[in-house]
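Below are my notes on the model you sent. Please read them with the coordinates open.

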Amino acid sequence: MSVVAGVVVPGIPHPLLCPEANEGWGRLRDGFESARRTLQESGAERLLIYSTMWPSVIGHQIQAQPEPEWVHVDELFHDLGSIPYKFKIDADFGHAFRDAASARGLQARTVAYHGFPIDTGSVVALKLLNPDNQFSASIVSSNVYADRAETIVLGKAARDAIEADGVKTAVVVVMTLSNRLFTDFIEPSEDRIHSAKDEEWNAKLLEFFEGGRLEDVSQLSRTIQDQIRVQKVVNFKPMWWLGAVMGQHNNYDGSVHAYAPLFGTGGAVVTLIPSTTIGGDKEFDEEDVEHYRGDRSVLGGLDPAAKAIEASTVSAGPGQSVVKPRPADGAMVNASNAPAPVGAYPHARREGDLLFLSGVGPRQPGTNAIPGGAIRDADGQPVDYDVAAQTEAVIENIRKILEAAGSSLDEVVDVTAFLINMDRDFAAYNKVYAKHFTSIGATRTTLAISALPTPIAVEFKVVARAPSS
Amino acid sequence: MEGRIVAGLLAPHPPHLVYAENPPQNEPTAECGWETLRWGYERLRKDLERIDFDAIVILSPHWQTYVGHHFLGVPHFKSLSVDPVFPNLFRYHYELDVDVDLARAIAQQGSDRGLVTKMMENPDFRVDYGTIVSCHLTRPEWDKPIVSISSCRSTTYYSVEVMAEKAKVLAEATKAAVAESGKKVVLIASNSLSHRHFTTESSVPEDMSKEHIMHHGQYLWDMRAIELLRHGKTQQFIDEMPEFTNQAISETDAGALSWMLQALDVPDYEAELYGYGTVIGTGNAVMGWFPGGAS
């Protein structure tokens, strides 16, 4: 498990710049410190920050300047003082995150420019959670036009990139709970939650956080947004994103380290550590999608694969049509009915007349269940499994990906098969293979390897003929 | 002698226009782009050369303060401005002077009228890119001191109508402070008209074959706004502005245009239209009002 913790912190600078001025601001400052210790205990090596105070328009931006250095001043609370900073950014992860987002259909880019204005929220989070740059860091923007589905896909892309490099990562969202600021300046002693209604909803959120019910918070956000949030601002994207990065469930050990008013808003410092406790099932969610296929790609048009699919729609009679996908040269293909990639790569890519498939295993789309069983249990102990069932599932997944690309199993020209135990599994695997591939006549190489990224015994790498353009 | 407002300008701030112009202050360079707007700014600058003025007062949507209007209160700034949305296009080394006395006077007049105002006196503060882009395009010599006023984002709590009333109070405060100062002042409303962006960018940002209005509805609203202003029907435009702002997702929600037009006493004379063009899908007009008829 590479995502080792989730963190919620406020970005308003008072706990950093003047914690002594108000007892609640001081409590929040102490809460940051307590959360920092929790992160150390979690084994985190990196902080990945999503800040509502960094809006983007052109897709999603990811910080990739290795050592950004500046003296920051907040545009509203400039009288509280300047904030000099020098951070340690994981630029390689930034690029990997960008690629993972692109593979899921999102517009994404890294930014690496001296003087780039890192937002107040990210600065506050890093100064208080990571004062000595013990952790490396990454920061991603909050797109002003992104809806819930797009934000969830961005969260899944972050998870892809984290799982791919294996660095233990704490995921931080910068946000307040209720977000109604006062519209006049107040004395520090006058600070309070803007309304009793906001206070009551904040209490409900804190109750969910204490129970580790992150996915429930994400679901509840549709109501929360109407009740306690200023709707023109940032929606409730941080919770949608955090839930997606952390695996979309309710099984966390939640801790509320501090909660206090911050200039009328509800400031809370919360940590969520993945747990084995049962926290309830995730509800049906129509906005929980794997790939972004939005309609906003105006300048670039549809992605190449989608464009090719659109172009090759042929009439099948009055009022009907069938779609025969023909990905364009260089196009990436992702099949919605095949298992999600575990890294920043597409299911397949067309180059010239050929389709190159990424390694395909037996996991089932949606559930990640493994036909024939996993090769080890939750404690990492080896267990019995059925390699024939796994091989059948591998071939079926390959069939789905090829069909999504407009090709078929009959068009396979070369197969590289990976087995984790040649002596035990070759015969059964070979029998299933022969059932499907004898008539196809593809060339084949079978290799024994020490391990695969998920607890499976077999994986195929395939090259096939692409459909004619 | 009593000071006066000698011009009001609608001067939008897409960083793309500075990028396309390749001034020495900006790090990225371009081949071309958005010429109709840039030529419009050229004509505006020529008209401004015929006017004697002492200072520029600008209200920018990109200095966003949730509590009242803030005013730059340090005499001189020198730093690097990097656009957080288009950092690939705008990394501009700026150096500018502030008319702190005039800024303080407007802030005081606003406060006297019930507005929340605050002077920004932190020398490490980075001036927002909206102010820098509009000022550069209007007066690239940077030889006039500026007063930069933040956009009060109470707009996120209140209706457009309420914010228009607040803009009117700020306009009255501006007029009174300018009159008291004895200075001749140019006002700048730094905003686009329709403001729905594309969410993707061409691999060559200045590829004009990819540039157009985001959708036809926006264009219709932009043309209606421009036609009203071109024909001196400013009061009608102000009356319609709440609907315009909502329908065109307009940057006029920042209050800059309302403020400027009301500080000009709601002109019943024709505005000069210097140019209209789209930038990454948004609609932008460069326009001028000259109470003395200087153009």
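This is a predicted model: local features need pLDDT of at least 70, side-chain atom pairs count only at pLDDT 80 or more; totals for chains, interfaces and linings use all residues.

1. Domains of chain A. Chain A splits into domain 1, residues 3-274, and domain 2, residues 312-465. Taken over C-alpha atoms, the centres of domain 1 and domain 2 of chain A are 38 Å apart. The contact between them involves 8 residues of domain 1 and 7 residues of domain 2. On the domain 1 side, the elements that give two or more residues are helix 3 (91-103) and helix 5 (148-165) of chain A. By class, that side of domain 1 has 5 nonpolar and 3 charged residues, with no polar ones.

2. Contact between chains A and B. Chain A contributes 32 residues to this contact and chain B contributes 28. The chain A side is made up of 18 nonpolar, 9 polar and 5 charged residues.

3. Helix 4 of chain A. How much of helix 4 (residues 120-129) is covered? Of its 10 residues, 9 are buried. Among them are Thr120(A), Gly121(A) and Ser122(A), as well as Val123(A) and Val124(A). Leu128(A) and Leu129(A) are also on the buried list.

4. Overall form of chain B. Chain B has 8 helices and 10 strands. Its C-alpha atoms fill a box of roughly 50 × 40 × 40 Å along the principal axes. The radius of gyration of chain B is 18 Å; a compact globule of 295 residues would have one near 19 Å, so the two agree. Of the 295 residues of chain B, 55% count as buried. Among contacts in chain B with a separation of 6 or more, 83% are between residues 24 or more positions apart.

5. Positive phi values. Most residues other than glycine have a negative phi. Two residues to check against this are given here. Gln248(A) has a positive phi, near 55 degrees, and sits in the loop between helix 8 (237-245) and strand 9 (252-262) of chain A. Asn22(B) has a positive phi as well, near 60 degrees; its place is the loop between helix 1 (15-21) and helix 2 (35-49) of chain B.

6. Surroundings of these two residues. The cut-offs used here are 20 or more for buried and 12 or fewer for exposed.

Note on methods
Residues are numbered from 1 along each chain as its sequence is written. Chains are lettered from A and ligands numbered from 1 in the order in which they are written. Helices (H or I, at least four residues) and strands (E, at least two) are DSSP runs, numbered from the N terminus. Two residues are in contact if their C-beta atoms, placed from the backbone, lie within 7 Å. Ala, Val, Leu, Ile, Met, Phe, Trp, Tyr, Cys and Pro count as nonpolar, Asp, Glu, Lys and Arg as charged, and the others, Gly among them, as polar. Domain bounds come from an automatic or database domain assignment. The radius of gyration is taken over C-alpha atoms; the globule rule is 2.2 Å times the number of residues to the power 0.38.
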